[in-house]
Amino acid sequence: MNNPVEIPGIRIVTVSGRIASGSTTLAKHLAKQLNWKHLEGGEIFWEAVRKKLGLDEKDTNLRPDQEDRLFDEQLKKILEEDKNIVLETKLAAFNAQNIPGIYKILVLCDDENGVDKADVRIDRLVNREELSVDDAKTEVLEREANDLEKWRKLYVKGDQNWVYWDKKYYDLVVNTFTHNQEESLKLVSEKLKLE
């Protein structure tokens with residue numbers, strides 16, 4: 001096994017993105033390039049909770065609040081203590097505020113005017129997960145709305161303008177509408193001075 005790539009001043013890279021924006025693909029490729037561990041928050045934690053409670057992925061709003069708080073405590077512990085990890089979860093950058101050694105990447109799928117291309121994200125889910133168009137729309141639109149409703153209530157006192165993809169939380173924004181997989185990884189590599 002190759003040694004992990006050391007990046008001066010960076011212990012963890014977080015990758016966050018809207019559903020089907022390309023964050024998982026980027027995180028996996030980056031982890032492989034760095035020879036770091038890829039952790040995907042939803043797979044680690046939410047799958048067990050979801051199955052235990054009998055919920056669909058989109059049912060964020062039905063999940064008990066204490067489950068979210070427990071997840072965030074575990075996430076912050078990783079962010080504060082671990083290293084050589086590419087951590088992929090929607091709230092990673094939000095939770096990493098003021099924690100040193102974290103490089104935060106946002107993955108979006110926006111047109112040239114900065115407007116989200118939900119139709120492209122839905123199409124990606126249809127093709128990747130072999131979902132029906134209706135199921136993909138539910139996943140992208142309903143789940144995202146449920147996520148925001150819960151997190152606004154828990155973390156920002158109900159602020160209806162808050163979104164986790166606010167660029168102020170991030171060191172780098174990658175737009176997968178204008179960059180393919182290889183270009184996205186190259187952009188990140190250049191910013192991290194890996195090339």
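Which helix is included in what covers the buried residues of α5?

1. The model is a predicted one. Helix α6 (133-155) is part of what covers the buried residues of α5. The buried residues in question are A118, R121, I122 and L125. They sit on the same side of α5, because the arc they cover around the axis is only 100 degrees.

2. The length of α5 can be checked directly. The helix takes in residues 118-129, 12 residues in total, so at 1.5 Å a residue it should span 16 Å. The C-alpha atoms at its ends are 16 Å apart, which agrees. After α5 comes E130, which has a positive phi, near 55 degrees.

3. Five strands form an open sheet with parallel pairing, in the order β2-β3-β1-β4-β5. Its edges are β2 (37-40) and β5 (172-175), each of which pairs on one side only. On average, and with direction ignored, neighbouring strands of this sheet are turned by 20 degrees against each other.

4. Within the sheet, β1 (residues 12-17) and β3 (residues 85-88) run parallel and are joined by four bridges.

5. Helix α1 (residues 23-34) lies across β1, β2, β3, β4 (102-108) and β5, and runs at about 175 degrees to β3. Helix α7 (residues 181-191) lies across β4 and β5, with an angle of about 165 degrees to β5.

Note on methods
Residues are numbered from 1 along each chain as its sequence is written. This is a predicted model: local features need pLDDT of at least 70, side-chain atom pairs count only at pLDDT 80 or more; totals for chains, interfaces and linings use all residues. Side-chain values use heavy atoms; hydrogens and water are left out. Two strands pair if DSSP finds at least two bridges between them. Helices (H or I, at least four residues) and strands (E, at least two) are DSSP runs, numbered from the N terminus. Axes are lines fitted to C-alpha atoms, for helices over the stretch in contact, and angles run from 0 to 180 degrees between N-to-C directions. Contact means heavy atoms within 4.5 Å. The expected span of a helix is 1.5 Å times one less than its number of residues. Buried means under 20% relative accessible area, exposed over 50%, partly exposed in between (1.4 Å probe, protein chains only). The arc is that of the directions from the helix axis to the C-beta atoms.
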